[in-house]
Amino acid sequence: MATEAAVRHRILSSASENSELLVKLAQTSEAPSILQAHLLHVSRLEESLKDQTTSLTNLKAQVDAKFKTHKNFRDSTTRRFFYRATKMQSKFEKKAMKEEREYFTALGAQSKAEERRAILQADYDAAVRAKEPLETATKEHGSVHERIDELYEKLFGGPTPGFGDEDEHENWFYGARGRNEEIKRGILAARRANAVLSVAQRYLKRGQNNLKTAQWQVEESFLFLDNALNSLHRTNEALRLAVEAVRKADEHLAPLSRDKELARQMLLAHFEAAKIQVERSYSRESILGAVAASQESLMEAEGRLNEMTQYTKDREQTGLSDIRVTARQLEDARQELQQIRQGVFERVAGFGEAAPAYNECCDRADSFCVVVDQGTHEHVNVVEELPELSVSSEQSAPPGYDYQRAGSTSPSSCC
């Protein structure tokens, strides 16, 4: 374990580096806020330029149309002769002058629009060029923050003999970080659970469609029930995969409250009840009865599954609300710890060597709210579509029967 003397020696050895970093931090402290304001300025210029370009395009179309009309009056000998022959020369001249005025008015508006667009384009180009040094300064500012964090963690991480206030604030910071990370884990767990439950919903729908197909096949067949039995096998497979997805969601939602655990068990029970024990000796009536019972169980399962999915969404929203609180607490604890550590530098190294007091210029609370899935969890992959059942071309679906919803192809598309 390091002694107080060893800690003081490390601090003194790093005093110059600390001073240099703090000076750079101060020099670039305004870069992030200036860049944000400048990016907004660039965005507004870009939008104005886009609007002006659209307006100019419309004006050019108007000028072209006005020019054609003006040219017709100016160059049409036949029209001029007709008006003169009918003693309406003055009327013709008025129309020609009117079209000429409108044309030149439109031409003037186009010229002004072109000038306005040229100014906007120049302003936009200049703003884009000015953005580059601001981005460089902002990147440097962030890099200096990282180097200060690394330096302070190397010097002060863990017990720091002789500086109890630093250890106390460090523990507060680690506690706040732990609470924030716990909320993040809860949000990720809810998202993952919701993802696999959506898979369960897809398998449930597939099972319902297969039951409809089996029902239709039984009703349309008088002798052979093989296709219907095959559809029942497909239903059982879809329900097995739905149960697998629900169990996978359990891994992300555990532990569940007593009422939620009971609801989960009821959901699984409805899935199991919906499965049909397929026997080749089944009669038409027994298959139709089994299908009806299975459909009823799946309706119950669908309701329970929707409730469970909503529960995961509510858990995520609660986490997103809570993380704003923990992120604020974490950032406050981080800033206080940084101030304490800089104060240690000033006490040990003396004002002759240490830089001016640390000034926290960048609030990181928003960054502590970011929840990123690193992709380390397992996913439930949807299996490839099971082979479609072949339906005899002699069979036809009842009026209004939806092949696609039933999960079957139309007879004309089968082999």
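Trainee: Which residues do ring pairs link into a cluster with F156?

Mentor: This is a predicted model, in which local features need pLDDT of at least 70, side-chain atom pairs count only at pLDDT 80 or more, and totals for chains, interfaces and linings use all residues. Residues are numbered from 1 along each chain as its sequence is written, and side-chain values use heavy atoms, with hydrogens and water left out. Rings of Phe, Tyr and Trp (its six-membered ring) pair if their centres lie within 6.5 Å. Ring pairs join F156 into a cluster with Y152 and F345.

Trainee: What is the angle between the planes of Y152 and F156?

Mentor: The structure holds 4 aromatic pairs. Planes under 30 degrees apart count as stacked, over 60 as edge-to-face and the rest as tilted. Y152 and F156 are edge-to-face, at 6.0 Å centre to centre and a plane angle of 85°.

Trainee: How many residues apart in sequence are the parts that the pair of F156 and F345 ties together?

Mentor: F156 and F345 form an edge-to-face pair, 6.0 Å centre to centre with 80° between the planes. F156 lies in helix α5 and F345 in helix α9 (residues 284-349), so the pair ties together parts that are 189 residues apart.

Trainee: Is F345 buried or exposed?

Mentor: Buried means under 20% relative accessible area, exposed over 50%, partly exposed in between (1.4 Å probe, protein chains only). The relative accessible area of F345 is 0%, so F345 is buried.

Key
Helices (H or I, at least four residues) and strands (E, at least two) are DSSP runs, numbered from the N terminus.
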